[in-house]
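Visitor: I am new to this structure. Could you show it to me and take a few questions?

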Amino acid sequence: MATQISPCCSSSTTFSSSSLNQEPPFASAKLFNFSTKSSTSRWAFKIHSRTDPKNHFNLKSTNGYPLNAVSLQDGAAEKPLAKELVLPEQTESNLSVTVVGASGDLAKKKIFPALFALFYEDCLPPNFIVFGYARTKMTDEELREMISRTLTCRIDKRENCGDKMEEFLQRCFYHSGQYDSEEHFAELDEKLKQKEEGKVSNRLFYLSIPPNIFVDVVRCASCKASSGNGWTRVIVEKPFGRDSESSGELTRSLKQYLAEEQIFRIDHYLGKELVENLSVLRFSNLVFEPLWSRNYIRNVQFIFSEDFGTEGRGGYFDNYGIIRDIMQNHLLQILALFAMETPVSLDAEDVRNEKVKVLRSMRKLRLEDVVIGQYKGQSKGGKTYLGYTEDPTVPNDSLTPTFAAAALFIDNARWDGVPFLMKAGKALNTRRAEIRVQFRHVPGNLYKRNFGMDMDKATNELVLRVQPDEAIYLKINNKVPGLGMRLDRSDLNLLYKTRYSKEISDAYERLLLDAIEGERRLFIRSDELDAAWSIFTPLLKELETKKITPELYPYGSRGPVGAHYLAAEYNVRWGDLAEDE
Ligand SMILES: NC(=O)C1=CN([C@@H]2O[C@H](COP(=O)(O)OP(=O)(O)OC[C@H]3O[C@@H](n4cnc5c(N)ncnc54)[C@H](OP(=O)(O)O)[C@@H]3O)[C@@H](O)[C@H]2O)C=CC1
Ligand SMILES: O=C1O[C@H](COP(=O)(O)O)[C@@H](O)[C@H](O)[C@H]1O
């Protein structure tokens, strides 16, 4: 279907009219041979050489393909490119990352530090620059000063870190402008061109801004600042709308200016090490995959908790609530990866096809499948913790949930009848994110008298602790050494910090590198997004129209008791609340 082009672009646009008539402005980069995954790989192939120690630029695609692999979608067979095919000018390309909203919290906390970490690890090409863009007036020097306060050296990577930091900062520049001003983006384009010095320019825009200005920025950037001869990609931060309708509208608006393949919808949980490992665990260990179904798994739990409230982000949060903030995206994405069928390959489209199938097989949530809560103030150890509605940026009568628990079902042959429970909350007693898989009872267990009446205590449980202290452990029943026959529960435990000395990369590093490489597997496709919203939208609408009051829970507690009753309805106990958790 032909994409409608917005009339926004004036004739001074950098694109040829033929491309404008057929494709969104950013998509015109496709006319050139540098916009695809294979071209990036080609470029990487030239620079990355195992034999030449000087050529240590080291792009690593997260799909596990060799760097010189070519996607089948690009019409070429999946085989290493012959070195002779590398054109000299391709190694002369320039990469710019423009962080839109550079003065903001996410940019300072995550994006600039992740870019520095990639730079430190030599994962970025030689001609690499960063541009900050925001309304705040700043000079290049002031931006560098701001960024330098947030950069850190890894514990295991301190060598030359100071020099590297300085080198990185010298590659950072700033342009102040309005988000809806084509003129200001044209100025940015001029500055980018100066730095690019006529080389092939590959441009990545990171939208680290509130969602109400996403479309303005994409319009202005696409019309005035996209690459004329390389690729242009845009990373879009959540929230992607607040229900099916608004998400669909956002997608349609973005697609006026961008082709789907240029949009990288980020869910940073997909970049977390343990989430990335989920597929490895399943598909490369014979012991797990045969158990991965209703035949052996009794229930699966996805748990997110934070031990702090909405401090500072109440304004944003109140419009969304915990279901939209955590469940509909982070936890649901993990669920889809957990439950999908084996993809044909690790290619982004194959993986995302399987995720969409799972999401489309899920039952829409109803009010009775959910418990919601909201934290109230609490005094503890001489300290007072404010309740959610006491936050000055939150309305006093807000009914927005800061906690939710839900029971979800996948109506397919593999998972029929298995409850997938989710629990997410702010201002709880602990900070953690984990996946818990509770297995069925052993039929006719020979040792059942050793467990007393409570057979649930004897079931195996596999835990993937996403954070903190990344770990994978399996609870098993074991004989206590001695002459008698006493059993206890023990863990087969893979604790990352004792097994691996390398510090774990931040999720944003992995995802930025993938976007630079054009690897889309860890980004959300628009049909995945539609399917995800359709599970949650009816429930969200009902909660709001019926003005359902959340159950209050004290700041720092384990959350509302309603969550236990919900789990009990499905014969489930929350694994994180068990005595031996
Ligand atoms: N912060 C976080 O931890 C996370 C954030 N996100 C998402 O990332 C994006 C950025 O988040 P964050 O950095 O916290 O956002 P901020 O509120 O810090 O906004 C980023 C920048 O956008 C500009 N801005 C803020 N409000 C407005 C407004 N109403 N109109 C126009 N410009 C505005 C400001 O820059 P200036 O005034 O200089 O133009 C600000 O520095 C959001 O979409 C958020 O949902 C996602 C996950 C986590
Ligand atoms: O997307 C979000 O995630 C953070 C939690 O991320 P983490 O990597 O620190 O676990 C959450 O605090 C925030 O509300 C939400 O928008």
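Guide: A word on terms comes before the questions: a residue counts as buried if 20 or more other C-beta atoms lie within 10 Å of its own. The model shown is predicted.

Visitor: What percentage of the residues of the protein chain count as buried?

Guide: The protein chain has 16 helices and 17 strands. It runs to 581 residues. By the cut-off of 20 C-beta neighbours, the buried share is 43%.

Visitor: Is Cys172 buried or exposed?

Guide: Cys172 lies in strand β3. Inside 10 Å it has 23 C-beta neighbours. The cut-off is 20 or more, so Cys172 counts as buried.

Visitor: How many of the residues of strand β3 are buried?

Guide: Strand β3 covers residues 172–176 and is mostly covered. Strand β3 has five residues, and the number buried is four.

Visitor: Which residue in β3 does Ala134 stand opposite?

Guide: Strand β2, residues 128–134, runs parallel to β3, and five bridges join the two. Ala134 has its place opposite a residue of β3, and that residue is Ser176.

Visitor: Which residues come nearest to ligand 1?

Guide: There are 19 residues around ligand 1. By class they are ten nonpolar, five polar and four charged. Helix α3, residues 105–120, gives the largest share of this shell, three residues. Those that come nearest are Gly104, Leu106, Ala134, Arg135 and Thr136.

Visitor: And which residues are around ligand 2?

Guide: The shell around ligand 2 divides into one nonpolar, one polar and two charged residues. Its members are His268, Glu306, Asp325 and Ala433.

Visitor: Which residues is Leu331 in contact with, leaving aside its neighbours within four places in sequence?

Guide: Contact here asks for C-beta atoms within 7 Å. Apart from neighbours within four places in sequence, the partners of Leu331 are Phe302, Phe304, Ile326, Met422 and Ala424.

Technical notes. Residues are numbered from 1 along each chain as its sequence is written. Chains are lettered from A and ligands numbered from 1 in the order in which they are written. This is a predicted model: local features need pLDDT of at least 70, side-chain atom pairs count only at pLDDT 80 or more; totals for chains, interfaces and linings use all residues. A residue is near a molecule or strand if its C-beta atom, placed from the backbone, lies within 6 Å of it. Ala, Val, Leu, Ile, Met, Phe, Trp, Tyr, Cys and Pro count as nonpolar, Asp, Glu, Lys and Arg as charged, and the others, Gly among them, as polar. Two residues are in contact if their C-beta atoms, placed from the backbone, lie within 7 Å. A residue is buried if 20 or more other C-beta atoms lie within 10 Å of its own, exposed if 12 or fewer, and partly exposed in between; C-beta atoms are placed from the backbone. Two strands pair if DSSP finds at least two bridges between them.
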